[in-house]
Amino acid sequence: MTKLHSRIATIQDLDALFKISVETFTSSFAHLNDPEDFKAYIEKHKSKETLEIELSGKESTFILFTTEEGQLCAYCKLNVGEGQSDIQDPTSLEIERIYVYDNFQGQGIGVHMLSVCEEIAKSKGLTYIWLGVWEKNLGAIRFYEREGFVAFSTHPFLIGSDVQTDILMKKIIA
């Protein structure tokens, strides 16, 4: 596995965060969605303005992952309390986004990222981590299952006007 460094993103990282956010989401899902719906989603949820608001939120944290050479390769967004997109359980940490650039896939980075998220949750005294994954993203579902996550519910996820279903999965850490 590539040796990684992680750090909390700041407002100075806005441009890099915007770039990785749009590029990784697009490479993962654009080809599976209606182009107009996808464009509407990107414009609303992945704009610099939206990311700037999210970066300043007290209940959300972005973690950037870089190689030893300083190359940004992955990021995640974590939410606690009312910042969570769904259940808002004060004993949990939501991993709202977890993305790796395509050219870094298959190097164990996702496992490392989940480990960092788990350690953050433990340091806050939380009992479990959870996330939502598109029901059609079977590879990601299998990955999370291998890492100890179990499905516990679903919720709708809107891409433009297309209502999709995310499977909610959690891992007990306490």
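**Charges, fold and burial, one value at a time**

Mentor: Let's open with the charges: the chain has 17 positive and 26 negative ones, and their mean positions lie 3 Å apart. Keep in mind that this is a predicted model.

Trainee: What makes a residue count as positive or negative here?

Mentor: Lys and Arg go in as positive, Asp and Glu as negative, and His is left out. On that basis you get the 17 and the 26.

Trainee: Now the fold. How many helices and strands does the chain have, and in what pattern do they come?

Mentor: Five helices and seven strands. Reading along the sequence, you get β-α-α-α-β-β-β-α-β-α-β-β.

Trainee: How do you know that the radius of gyration agrees with a compact globule?

Mentor: You set it against the rule: a compact globule of 174 residues would come out near 16 Å, and the chain has 15 Å, so the two agree. If you'd like dimensions as well, the C-alpha atoms fill a box of roughly 45 × 40 × 30 Å along the principal axes.

Trainee: What share of the contacts with a separation of 6 or more joins residues 24 or more positions apart?

Mentor: That share is 63%. As for burial, 45% of the 174 residues count as buried. The chain exposes about 9,000 Å², with carbon and sulfur atoms supplying 52% of that area.

Trainee: Why is Leu-51 called buried?

Mentor: Its relative accessible area is 0%, and the cut-off for buried is under 20%. Therefore Leu-51 falls in the buried class. You'll find Leu-51 in helix α3, residues 48-56. Beyond its sequence neighbours within four places, Leu-51 is in contact with Leu-14, Leu-17, Phe-18, Ser-21, Lys-46, Phe-62 and Arg-97.

Trainee: Which residues touch the most other members of the largest nonpolar core?

Mentor: Phe-65 and Tyr-144, in a core of 49 residues. Leaving out residues up to four places away, Phe-65 touches a list of residues, among them Leu-4, Leu-72, Cys-73, Tyr-75, Met-113 and Val-116. The general background is that nonpolar side chains tend to be buried together in soluble globular proteins.

Trainee: Why is Glu-147 called partly exposed?

Mentor: Glu-147 has a relative accessible area of 22%. Buried would need under 20% and exposed over 50%, so Glu-147 lands in the class between. Glu-147 is in the loop between α5 (138-146) and β6 (150-159). Apart from neighbours within four places, Glu-147 contacts Val-111, Leu-114 and Lys-171.

Trainee: What about the backbone of Gln-88: is its phi positive or negative?

Mentor: Positive, at about 50°, although Gln-88 is not a glycine. Gln-88 lies in the loop between β3 (72-80) and β4 (92-100).

Trainee: Why does Leu-32 get its label of partly exposed?

Mentor: The value for Leu-32 is 47%, and exposed would take over 50%. Therefore Leu-32 stays partly exposed. Leu-32 is in the loop between α1 (14-29) and α2 (35-45). From Leu-32 to Gln-88, 56 residues along the chain, the C-alpha atoms are 29 Å apart.

Technical notes:
Residues numbered from 1 in each chain as written. Predicted model: local features only at pLDDT ≥ 70, side-chain atom pairs only at ≥ 80, totals over all residues. Heavy atoms only, no water. Helix = DSSP H or I, 4+ residues; strand = E, 2+ residues; numbered from the N terminus. Rg over C-alpha atoms; globule rule 2.2 N^0.38 Å. Buried < 20%, exposed > 50% of the residue type's maximum accessible area, 1.4 Å probe, protein only. Contact = heavy atoms within 4.5 Å. Areas by Shrake-Rupley, 256 points an atom, 1.4 Å probe, with all protein chains shown as cover. Charge placed at Lys NZ, Arg CZ, Asp CG, Glu CD. Core = buried A, V, L, I, M, F, W, Y, C linked by side-chain atoms within 4.5 Å.
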